[in-house]
Amino acid sequence: MNTKVSIIGGGMTGSTTAHWLAEREIADIVLVDIVEGMPQGKALDLQQAMPVIGKDVKIIGTNDYEATAGSDIIVITAGLPRKPGMSRDDLLNANAEIVSKATLETIKKSPNAIYIILTNPLDAMAYLAMKLTNLPPDRVVGQAGILDSARMRTFVAEELHVSVENVQCYVLGGHGDEMVPLTRHSNVAGISLRDVIPPDRLEAIVNRTRKGGGEIVSLLKTGSAYYAPSVAVAQMVEAILKDKHLIISASAFMKGEYGLKDMYFGVPVQLGRNGIEKIIVYDLDKQESESLIKSAEDVRQTTDALKNLVKL
Ligand code: TXD
């Protein structure tokens, strides 16, 4: 294939992203990790699955960056996941160092790549990658919104006993427990959730969505969610490579939208072959705006802590 996606971090989310991507047969895949043998073993295993599903995808596992040269997309998943009781922000110090290294190594070999960041704390890590690559902000995007929206869609579909395909949900804000599920704009077959779900049930869904990542962390005991986060990355990769102009929620660099500047934040974006084509600004009511401001304060704090840690 003449398209290449390199995934840095071959752990749970990295290798599962490779899996979802290989099934889509849209790019060759390079999986990089520091653990010797692990990315090679996973890549070989996945490669041997290709004849069964009839997909001609080349998958390379490696401990160095040579094979990533000329990537169309770099996905960064390298870093520590949360342990039960930890917040995503607790990962800042350790992951800033790992993401810096992954970013600086990859940009040398793929100066024209689009970056998708997954490592937590997500909004701050996307900011870090954008600053270190020196790429236009449209070419660095963080994955959070598809996942958070998918969690909400799952809970709504269960509540109403309808197909997940009928449920559209929009979750804005930082990728933390203060994220903002928009119940007014979210809908089932075009009808606002506020008109079909009683307020107490809707509030329960909003709370479960906000804490969706933590719920899985406490069940798993080690590690965090990976199937849904990884398929979200695969959807973003596909939207970019196929130039779909797909509107999804993602973490994007703010240049005044929603009153925010110089930080990454979860908003609806349109994704195409050049990365983020547009940020969509919703009209928000008073309550939604207040929630968004609260979430932005959290992300601002983490971004400031990052700036104190790394000279950007
Ligand atoms: O929606 C989202 N944004 C998220 C983010 C959803 C799920 C997970 N989220 C975050 O992604 C999570 O909090 C972590 O910060 C990252 C990676 O999570 P994952 O579950 O994949 O963690 P693993 O299984 O521990 O894998 C991380 C791998 C592991 O194999 C390490 O050896 C590797 O990262 N690692 C490195 N690879 C390359 N280079 C360096 N320097 C490096 N350091 C660690």
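## A walk through the predicted model

Let's start with strand E4, residues 73-76: Ile73 and Val75 point one way from this strand, Ile74 and Ile76 point the other way, and all of them are buried. Keep in mind as you look around that this is a predicted model. Why do the side chains point in turn to one side and then the other? In a regular strand they alternate between the two faces of the sheet.

Now see what sits beside E4. Strand E1, residues 4-8, pairs with E4 in the parallel sense, and 4 bridges hold that pairing. To find the spot by eye, look for Ser6, which stands opposite Ile74 in E4. Strand E5, residues 114-117, is also a partner: E4 and E5 run parallel and are joined by 4 bridges. Here the pair to look for is Val75 and its bridge partner in E5, Ile116. How do you get from E4 to E5? Helix H4, residues 92-109, belongs to this part too, and E4, H4 and E5 make a right-handed β-α-β unit.

Next, the ligand. How many residues surround the ligand, and which are the closest? There are 27 of them, and the closest are Met12, Thr13, Asp33, Leu80 and Leu118. An oxygen atom of the ligand is 3.0 Å from an N or O atom in the side chain of Asn120. For the side chain of Asn95, an N or O atom is 3.3 Å from a ligand oxygen. With Gly11 the backbone takes part: one of its polar backbone atoms is 3.5 Å from an oxygen atom of the ligand. On its own the ligand has 860 Å² of accessible area, and the protein covers 89% of that.

Stay with Asn120 for a moment. The peptide bond from Asn120 to Pro121 is cis, with omega near -5°. H5 takes in residues 122-133, and at 1.5 Å a residue its 12 residues should span 16 Å; the C-alpha atoms at its ends are 16 Å apart, which agrees. Is H5 mostly covered or mostly open? Mostly covered, with 10 of its 12 residues buried. Among the buried ones are Leu122, Met125, Tyr127, Leu128 and Thr133.

E10, residues 187-188, pairs with E11 in the antiparallel sense over 2 bridges. In that pairing, Val188 stands opposite Ile191.

Finally, two loop residues with backbone angles to look at. His161 has a positive phi of about 55° although it is not a glycine. You'll find His161 in the loop between helix H6 (145-160) and E7. Is His161 buried or exposed? With a relative accessible area of 73%, His161 is exposed. Asp243 also isn't a glycine, yet it has a positive phi of about 50°. Asp243 is in the loop between helix H10 (227-241) and strand E12 (246-255). Its relative accessibility is 35%, so Asp243 counts as partly exposed.

Note on methods. Residues numbered from 1 in each chain as written. Predicted model: local features only at pLDDT ≥ 70, side-chain atom pairs only at ≥ 80, totals over all residues. Heavy atoms only, no water. Buried < 20%, exposed > 50% of the residue type's maximum accessible area, 1.4 Å probe, protein only. Pairing = 2+ DSSP bridges. Right-handed = clockwise from strand over helix to strand, strands pointing away. Near = heavy atom within 4 Å. Polar contact = N/O pair within 3.5 Å; in protein donor to acceptor, adjacent residues only side chain to side chain. Areas by Shrake-Rupley, 256 points an atom, 1.4 Å probe, with all protein chains shown as cover. Expected span 1.5 Å × (residues − 1).
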